[in-house]
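Good morning, and thank you for joining this group meeting.

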Amino acid sequence: MKEFIWRKFIKDYENIKNPEVRGSYTKLTGTLGIIVNSVLCVIKIILGLAINSVAVVADGAHDMADSMAACITLVGARIARKPADKDHPYGHARVEYLCSLVVSAIVLIVGFELMKTSVNKCINPVETDFSWIMVCFMLFAILLKGTSAMFTIATGRHINSLPVIAAGTDNRNDVISSVIIVIGMLVHHFAGIELDGYMGCLVSLFILYSGIELIRETISPLLGEPTERETVDAMHEIIMRHPEVIGVHDLVVYNYGPGKEFASFHAEVDSRGDIMELHDVIDNIEKELYDELKMTATCHMDPVEVDNPIRIKMQSIIPNVIRDIEGVESYHDLRVVPGKTHTNIIFDVVLEPGCKTSRDLIRDTLADAIKKENDSYETVINFDNSYI
């Protein structure tokens, strides 16, 4: 069903890397959110006031916050599509993250205010009027909001948009809140126990929780997250499809918002190759990364002595050693520099995030293993961190 809706309302719906297409997806979910939440907000607040239910009014206020969030998301998506300018050479895509923070703040304020009202009703209870009409409407609202939430979350995941996923998640939390309210109504009607104030507190807690989760999920990409494995695999496939490339390392992806990614990496090539031909290969790789992944990439070309016998021997020794060292991910940039009295074996070691093994221990372990091969070999190691 969701694919039918995307195909019906979004032109070129499969090209999700295109900022204009992403904007159309956001506009679709934002418009849906505004309509659904605005209608439910008005009806819930009116009916909640009519039956003296602070829980229903709280649920309606949450719908109002969701409607405002949808408006902010739409505005943010429009700003995020603005092209790069002199003051913002990387574009404006990170505005989506800032919009998520604004939405989170609104949700937290609404949750805090409703918590105060609900606690007050727990202390000073007021009889709530039961209404089957209200129960039926809440069940209808649960069905409508649940469908909207599932569609919004699926759309957000499809285009990898944090604000859209956040909006859908918040709508899903609303469904849970509405279910709690209906349970409280039925308990009050059949058992005579007044739970409205307590139900309002539970709804407020859900609102506060969703606001905190939104902040956590938004701050994470702003601080810098590791590149997704799917992206790394796609980049590796594009780079290694060129037979001139022997290996790739030092891959780093810089995220400036959805659809605005920059990358740098080192490509190993045969040192005996023609420099102009190899340079043309690297240019083609950078172009393919942009055409297929919409990623602006910069490649450093590393010449490798593929026929050096010492290097070939080291390629069998080093992997066996680092396999048993905890916290070491890989190695690269292996070079052999011969001298009159000794030969330097130079390479980089990549450490996993949070590696607890000391660098001295890693260096000594590798140096000892290499020394066993030939006492004149001196090991020179540089340490890198993994960003993928």
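Predicted model: local features only at pLDDT ≥ 70, side-chain atom pairs only at ≥ 80, totals over all residues.

**Cores, cavities and sheets**

The largest nonpolar core has 30 residues, of which Val110, Leu114, Met134, Met138, Ile181 and Met185 touch the most other members. By nonpolar core I mean a set of buried Ala, Val, Leu, Ile, Met, Phe, Trp, Tyr and Cys residues joined through side-chain atoms within 4.5 Å; buried means under 20% relative accessible area, exposed over 50%, and partly exposed in between, with a 1.4 Å probe and protein chains only. At least two residues of this core come from each of helix H2 (19-50), helix H3 (54-80), helix H4 (95-123), helix H5 (132-159), helix H6 (162-191) and helix H7 (196-223). Helices (H or I, at least four residues) and strands (E, at least two) are DSSP runs, numbered from the N terminus.

Residues are numbered from 1 along each chain as its sequence is written, and side-chain values use heavy atoms, with hydrogens and water left out.

Which residues does methionine 185 touch? Not counting residues up to four places away in sequence, methionine 185 is in contact (heavy atoms within 4.5 Å) with Ile51, Val56, Phe130, Met134, Val135 and Met138. Apart from this core lies another, of 20 residues, which includes Phe347, Ile362, Ala369 and Tyr377. As general background, nonpolar side chains in soluble globular proteins tend to be buried together.

The search runs on a 1 Å grid over the protein atoms alone: a cavity is a set of points where a 1.4 Å probe fits but cannot get out, a pocket is an open set with protein on both sides within 12 Å along at least five of seven lines, and lining residues have an atom within 4 Å of a point. Grid points are joined across faces, edges and corners, and a volume is the space filled by probe spheres set on the points.

Eighteen is the size of the lining of that cavity, and of its 18 residues Asp66, Ala69, Ala70, Thr73 and Ala167 lie nearest the centre. H2, H3, H4 and H6 each supply at least two lining residues, with the largest share, 6 residues, coming from H6.

The largest pocket holds about 1000 Å³ of space. It is lined by 35 residues, and Asn160, Glu225, Glu228, Asn255 and Glu261 are the closest to its centre. H5, H6, H7, helix H8 (229-240) and strand E1 (245-255) each contribute at least two residues to this lining, and H7 gives the most, with 5 residues.

Strand E1 also belongs to a sheet. This open sheet of 3 strands has the order E1-E2-E3 with mixed pairing, where two strands pair if DSSP finds at least two bridges between them. E1 and E3 each have a single partner strand, so one side of each is left without a neighbour in the sheet. From one strand to the next, the twist averages 15 degrees; axes are lines fitted to C-alpha atoms, for helices over the stretch in contact, and angles run from 0 to 180 degrees between N-to-C directions. E1 and strand E2 (residues 261-270) pair in the antiparallel sense over 8 bridges, and glycine 247 has glutamate 268 in E2 as its bridge partner. H8 packs on this sheet, touching E1, E2 and E3, and its direction makes about 140 degrees with that of E1.

Within E1, aspartate 250 has a phi near 50 degrees, a positive value in a residue other than glycine. Because its relative accessibility is 25%, aspartate 250 counts as partly exposed.

Finally, a second sheet. Here 3 strands form an open sheet in the order E4-E5-E6, and the pairing is mixed. Strand E4 (328-338) and strand E6 (377-385) are the edge strands, each pairing on one side only. The twist averages 20 degrees from one strand to the next. Strand E5 (residues 343-351) pairs with E6 in the parallel sense over 9 bridges, and isoleucine 346 stands opposite valine 380 in E6. Helix H10 (residues 309-322) lies across E4, E5 and E6 at about 155 degrees to E4. Helix H11 (residues 359-373) also lies across E4, E5 and E6, running at about 145 degrees to E6.
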